[in-house]
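Look at the chain below and follow it from one end to the other. The paragraphs after it go from the overall form to single residues.

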Amino acid sequence: KHEGRNQMMRGTLNLVDLAGSERLNRSNVEGRHAKETMSINKSLSSLSDVFTAIGQKQSHVPFRNSKLSFLLQPSLSGDGKTLMVVNVSPTEASVQESLCS
């Protein structure tokens with residue numbers, strides 16, 4: 001409770017680990033792991049669409065395009081603050097993937 005304003009304050013912390021997001025042709029994964037990688041990449045793409053819509057102040061923000069963006073909607077709307085940490089590889093072979101991140 002904020003004593004000066006006599007208001008209740010609420011905070012939310014979401015920690016989302018999207019390890020495994022990578023290019024399928026580089027990782028050479030198959031089966032279940034390939035399906036998981038495709039799902040993570042789809043969620044990242046949907047989250048990118050949400051960030052773009054918010055940044056451009058569009059009237060429609062596509063929160064429902066993935067479970068991840070739907071669950072993060074309360075934190076990404078309004079006065080919320082968002083920090084995204086990206087771990088990129090320093091190798092020359094990973095330049096294109098790092099730029100996409």
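The chain has a radius of gyration of 17 Å, whereas a compact globule of 101 residues would have one near 13 Å. The radius is taken over C-alpha atoms, and the globule rule is 2.2 Å times the number of residues to the power 0.38. Along its principal axes, the C-alpha trace spans about 55 × 30 × 30 Å. This is a predicted model, in which local features need pLDDT of at least 70 and side-chain atom pairs count only at pLDDT 80 or more, while totals for chains, interfaces and linings use all residues. Residues are numbered from 1 along each chain as its sequence is written, and side-chain values use heavy atoms, with hydrogens and water left out.

The chain contains four helices and zero strands. Read from the N terminus, its elements run α-α-α-α. Helices (H or I, at least four residues) and strands (E, at least two) are DSSP runs, numbered from the N terminus.

How much of the chain is buried? Buried residues make up 18% of the 101 residues. A residue is called buried under 20% relative accessible area, exposed over 50%, and partly exposed in between (1.4 Å probe, protein chains only). Accessible areas come from the Shrake-Rupley method with a 1.4 Å probe, and for residues only the protein chains shown count as cover.

Contacts tell how the chain meets itself. Among contacts between residues at least 6 apart in sequence, 31% join residues at least 24 apart. Contact here means heavy atoms within 4.5 Å.

In soluble globular proteins, nonpolar side chains tend to be buried together. In this chain, the largest nonpolar core has eight residues: Leu 47, Val 50, Ala 53, Val 61, Phe 63, Leu 68, Leu 72 and Leu 76. Helices α2 (32-55) and α3 each supply at least two residues of this core. A nonpolar core is a set of buried Ala, Val, Leu, Ile, Met, Phe, Trp, Tyr and Cys residues joined through side-chain atoms within 4.5 Å. Take Val 50 as an example: leaving aside neighbours within four places in sequence, Val 50 is in contact with Val 61, Pro 62, Phe 63, Ser 69 and Leu 76.

Ser 43 is found in helix α2 and counts as buried because its relative accessible area is 15%. Not counting residues up to four places away in sequence, Ser 43 touches Ser 66 and Leu 68. Thr 52 also lies in helix α2, but Thr 52 is partly exposed, at 37% relative accessibility. Thr 52 and Ala 34 are 18 residues apart in sequence and 27 Å apart in space, C-alpha to C-alpha.

Which residues does Arg 26 contact, leaving aside its neighbours within four places in sequence? They are Ala 93, Ser 94 and Glu 97. Arg 26 is in helix α1 and is partly exposed, with a relative accessible area of 45%. The C-alpha atoms of Arg 26 and Pro 74 are separated by 35 Å, and the two residues are 48 apart along the chain.

Nonpolar residues also occur on the surface. Phe 51, Met 84, Val 86 and Val 88 form a nonpolar patch there, with about 320 Å² of accessible area together. Val 88 sits in the loop between α3 (67-76) and α4 (95-100). Val 88 counts as partly exposed because its relative accessibility is 41%.

Asn 6 is not a glycine, although its phi is positive, about 55 degrees. Asn 6 is in the segment before α1 (24-27) and is exposed, with a relative accessible area of 56%. Lys 57, in the loop between α2 and α3, likewise has a positive phi, near 50 degrees, in a residue other than glycine. Lys 57 is exposed, with a relative accessible area of 73%.

How values were computed:
Patches are made of residues with over 30% relative accessible area and no salt bridge: like charges are joined within 9 Å, nonpolar side chains (Val, Leu, Ile, Met, Phe, Trp, Tyr) within 5 Å. A salt bridge is a side-chain nitrogen of Lys or Arg within 4 Å of a carboxyl oxygen of Asp or Glu.
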